[in-house]
There are 4 protein chains.
Amino acid sequence: MTSKKKEKYAQILDAAQKVIAENGYHGSQVSRIAKEAGVADGTIYLYFKNKEDILISLFQDRLGDLVDMINASIRETRTADEAIRKICEIHFTQLEQNVDMAYVTQIELRQSSLDLRKAIGLAVKPYIELIEHILEKGISEQTFRPDLDVKLTRLLLFGAMDEVVTSWLISGRKYSLSGQVDKTVDFFLRGLK
Amino acid sequence: MTSKKKEKYAQILDAAQKVIAENGYHGSQVSRIAKEAGVADGTIYLYFKNKEDILISLFQDRLGDLVDMINASIRETRTADEAIRKICEIHFTQLEQNVDMAYVTQIELRQSSLDLRKAIGLAVKPYIELIEHILEKGISEQTFRPDLDVKLTRLLLFGAMDEVVTSWLISGRKYSLSGQVDKTVDFFLRGLK
Amino acid sequence: MTSKKKEKYAQILDAAQKVIAENGYHGSQVSRIAKEAGVADGTIYLYFKNKEDILISLFQDRLGDLVDMINASIRETRTADEAIRKICEIHFTQLEQNVDMAYVTQIELRQSSLDLRKAIGLAVKPYIELIEHILEKGISEQTFRPDLDVKLTRLLLFGAMDEVVTSWLISGRKYSLSGQVDKTVDFFLRGLK
Amino acid sequence: MTSKKKEKYAQILDAAQKVIAENGYHGSQVSRIAKEAGVADGTIYLYFKNKEDILISLFQDRLGDLVDMINASIRETRTADEAIRKICEIHFTQLEQNVDMAYVTQIELRQSSLDLRKAIGLAVKPYIELIEHILEKGISEQTFRPDLDVKLTRLLLFGAMDEVVTSWLISGRKYSLSGQVDKTVDFFLRGLK
DNA sequence: AATGAATGAGATTTCATTCAT
DNA sequence: GATGAATGAAATCTCATTCAT
């Protein structure tokens with residue numbers, strides 16, 4: 001992709017996120033996204049295979065950014081404890097700072113067809129594996145219990161954080177999401193040791 | 001509702017669960033549910049307000065059974081530790097024994113419209129509150145940490161268990177779900193203390 | 001099909017023929033046909049699988065009527081000569097008397113997708129075989145040449161008649177189609193002897 | 001048109017024939033033809049007014065070649081009988097030797113819009129008139145019946161040959177098309193005398 | 001109470017054609 | 001002369017719900 005192409009690609013994804021955040025998943029027609037992006041309906045199909053492809057790409061792109069950010073941040077940590085804290089901190093902080101993105105990825109995109117949800121599941125995998133990696137590190141460093149089942153525990157951590165974010169959104173964001181980091185991490189670390 | 005009414009009501013819910021389990025959320029037309037239930041399309045609307053009402057009722061009914069079962073079981077426990085274990089045990093065991101129900105409530109019904117998801121959220125609330133109740137009991141009995149944030153922690157527990165079940169289903173149920181109880185409860189109890 | 005069903009079925013086919021005759025193949029949207037038939041768009045799909053199914057059914061129905069009529073008429077003939085004459089006579093007369101039908105089956109329906117044209121080809125087969133049957137009869141009665149290739153000749157007859165009808169329609173029906181019967185049959189019978 | 005222009009013009013027509021033969025009428029987008037011809041989409045419009053113009057030109061070009069060939073060949077014949085034979089012989093032989101062209105002109109191009117079919121009708125006219133010319137010659141030479149209706153008969157001959165070719169293609173070319181010449185001409189000549 | 005035939009709104013996607021470069 | 005990215009109109013079909021019987 002040339003830089004010009006990339007620009008329009010990103011432009012359409014941004015438009016999709018905005019439209020979905022404003023109108024909900026079922027109120028987000030391709031024509032609406034096209035209008036918001038300032039392109040013709042047909043142009044969408046020069047950049048995406050179909051509507052589903054827009055949504056998958058949107059999820060992958062946003063989650064990819066999150067994972068990149070976490071990865072970068074983790075490199076600067078020394079201990080697995082710190083890494084776990086970083087993960088939760090960035091997870092909660094980023095979604096708190098990007099409410100549109102949070103709303104779209106946590107709520108709207110989940111009410112999609114099974115195929116789309118499977119694709120979303122695949123996009124989540126690298127994140128889950130990132131958590132697993134930290135768990136293994138913690139075990140080998142003897143920070144975490146040696147009897148931890150990393151495959152199970154990664155799900156416990158991800159599921160717990162995911163539910164907290166969703167609940168925060170549904171409640172109407174009446175409290176600080178990043179304010180939950182300490183207590184959440186505290187719970188996690190106790191469970192890991 | 002007369003007993004005869006109740007019967008047909010349950011009959012339609014059972015049909016809905018079967019049809020959704022077999023054909024997925026989007027392949028589950030009202031007419032198909034009617035056919036499976038052995039009634040005419042129009043009859044459905046004598047028992048339910050609309051399609052959404054069937055699905056909400058289905059979710060409420062199934063989850064209600066689960067909560068009832070947990071409540072009954074908890075009454076026989078002495079400590080909060082035991083209660084937490086019972087919750088996870090029944091949660092995992094019941095869904096493992098009712099794959100259709102698990103599949104429908106964990107996977108299919110979640111790809112529904114926002115309104116429906118909100119209603120489902122409401123149906124989950126009693127369960128979440130049940131967990132909260134146990135947590136409070138544990139704190140007052142000085143089994144759990146006094147600094148626990150029960151509102152947050154109930155989400156952590158529910159989200160973690162929920163993710164484990166979903167992941168087990170998506171993976172193709174290649175391992176025992178009830179086999180995860182010990183490790184999951186272990187993780188929880190450490191976090192709670 | 002009950003009689004009531006049959007009625008609406010025929011009603012839709014009649015509407016389809018009228019709409020196609022008036023607006024051409026590409027101007028004949030399902031919604032237009034539904035409107036002309038006085039039913040809702042969706043009702044069409046209670047009687048036909050899809051749009052193509054309407055068109056195939058229309059062709060089959062009309063051609064079926066023609067073949068039925070010819071079959072009935074042939075039973076009253078003694079010789080193969082007479083039968084050939086009857087075929088041509090009914091073919092030309094019927095299409096002359098039902099210009100809408102002629103226009104739709106000769107011109108409009110032929111500009112359809114390959115699948116539809118294949119289905120139309122199948123519908124024509126009984127007619128072609130009817131001609132073949134007469135040819136065989138003529139040969140066995142020693143009215144026609146014994147060296148006739150019936151598989152080839154049936155095509156020659158059908159193709160010739162078909163072209164005459166199409167040409168008559170495209171010319172704007174400036175002359176009598178039934179007026180071509182004698183000369184056409186004359187040509188055929190000489191070729192057959 | 002300069003020679004260079006002519007070249008690209010022919011190049012696009014060849015590409016069109018190939019693409020239609022391979023993908024069918026409805027699978028033949030302008031962009032596909034452009035790609036096959038090795039030019040940009042826009043370039044097509046420097047040589048043809050629109051898509052229809054390509055198809056009409058294609059049909060005219062191919063049929064023109066056939067008529068030219070027949071005309072040249074007829075000049076070498078003495079009698080109208082011989083000429084009729086030549087017409088049928090070249091018609092069948094050429095299409096048998098150029099299956100792509102046969103397929104495109106007999107099957108694919110006929111499922112086109114009415115305007116296109118009318119233009120195709122015009123392209124066929126010189127061929128029909130060529131047949132008419134031979135018929136008149138035969139009558140004036142007293143080889144053919146003086147009571148022949150040449151306007152009608154030319155249609156009978158063309159329609160008959162056309163149907164034979166189409167049927168041969170649809171049947172999957174399981175027999176020799178040129179092998180039908182003798183029997184076809186035999187039928188024609190008897191009818192003409 | 002039960003039926004089931006009829007309704008009708010609503011959105012994705014394709015592709016011929018244009019025009020700035 | 002050549003390019004190819006962008007345009008935007010247009011139609012099938014599904015399915016929740018109703019209501020006359």
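Colleague: What makes A:Tyr45 a polar contact of DNA strand E?

Modeller: In this predicted model, a polar side-chain atom of A:Tyr45 lies 2.9 Å from a phosphate oxygen of DNA strand E, and a polar contact is a pair of N or O atoms within 3.5 Å (within protein, one must be able to donate a hydrogen and the other to accept it, and residues adjacent in sequence count only if both atoms are side-chain atoms), so the pair meets the rule. Local features need pLDDT of at least 70 and side-chain atom pairs pLDDT 80 or more, while totals for chains, interfaces and linings use all residues; side-chain values use heavy atoms, without hydrogens and water.

Colleague: How do you know that C:Lys183 forms a salt bridge with D:Asp149?

Modeller: The closest N and O atoms of C:Lys183 and D:Asp149 are 2.7 Å apart, and a salt bridge asks for a side-chain nitrogen of Lys or Arg within 4 Å of a carboxyl oxygen of Asp or Glu, so the pair qualifies. The count between chain C and chain D is 4 salt bridges.

Colleague: Which elements give two or more residues to the side of chain C that touches chain D?

Modeller: They are helix H6 (99-108), helix H7 (114-140), helix H8 (150-170) and helix H9 (181-192) of chain C, where a helix is a DSSP run of H or I with at least four residues, numbered from the N terminus. H8(C) gives the largest share, 11 residues.

Conventions
Residues numbered from 1 in each chain as written. Chains lettered and ligands numbered in written order.
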